[in-house]
Amino acid sequence: MNKKMDKKRFFKKIITLVAAGLIVGCAASPKPEPSRTALGKWHSQNINADGSKADWPGSAPQYKDSEIDTKIWISNNAEQLCLLAEVNDPGIARQLTQNGLILSMETGEKNAKPFSIQLKCHASFKLPDTLVVTYPFSSGPVTMSMTEARTTGIALGLTEAGRHTLIFEAVISLDAIFFDVPRIAGAVMNIALSAKSNSFAIKRRENLEGKKHDRPKGESPDQGSSDTSHGPGKPDDMKQTKASDDPFRAAVEITLAGPAK
């Protein structure tokens, strides 16, 4: 009975936010396209979304890409799904913080949108004041404060650990992700962490490529061009990144865990 009442309160909070005029549009959420599969880990201890790895056991990540130096850990219990991402590539960390970060989860439920969180552009390794959430049962994205998000079961953490290492942490109620929460053990989800595309950077790259083709014969690359992206005046992290100009995206198909027997 208590669980039914809790869920009614949860839905009431979302309906109140939508009725207050927080709907910002009807754009569809990014749909994850899983690139690998993994098993989730059951956690019994409390995990706080504070941008720290201290609450997490020392298990292997469910997602690891050495080429872009990115790791993702995923765990769950009967009520929450937790995600920890560690991004050590300065170029990708810059994409996620400056362009914007998107966390998307698709459950495969019929007629349900993928649950997604979008953090608006911010230049530092700090959470913005607001976020944009798309629920599987909402008519469109909802903008809310971080405090409001916590009341609906969404807690986030973002910090810089060491030089240019980004730590992103999310603790999310399964009631927010699923329209109808299934039997947890064995449920399959597609989860993606990505950076929003930077249309200005894409346009600038196209212009620079056009200038290269138009360059008079015999002119060196440094003449008549403002492209100094690899010049000596740029900080080291601009040159050491392995990230391409394409938006970053890491995706995994995860099978949720059940309690240890």
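Which backbone nitrogen does the side chain of aspartate 89 reach at 2.8 Å? The side chain of aspartate 89 reaches the backbone nitrogen of glycine 91 at that distance, a polar contact in the sense of N or O atoms within 3.5 Å, one able to donate a hydrogen and the other to accept it.

## Basis of the values

This is a predicted model, in which local features need pLDDT of at least 70 and side-chain atom pairs count only at pLDDT 80 or more, while totals for chains, interfaces and linings use all residues. Residues are numbered from 1 along each chain as its sequence is written, and side-chain values use heavy atoms, with hydrogens and water left out.

## The chain as a whole

The protein chain has 6 helices and 13 strands, taken as DSSP runs (H or I of at least four residues, and E of at least two) numbered from the N terminus. Of its 261 residues, 43% count as buried, meaning under 20% relative accessible area with a 1.4 Å probe, protein chains only.

## Aspartate 89

Aspartate 89 lies in the loop between β5 (80-87) and α2 (90-99), and is buried, with a relative accessible area of 4%. Its side chain also reaches the backbone nitrogen of isoleucine 92, at 3.2 Å.

Key
Buried means under 20% relative accessible area, exposed over 50%, partly exposed in between (1.4 Å probe, protein chains only).
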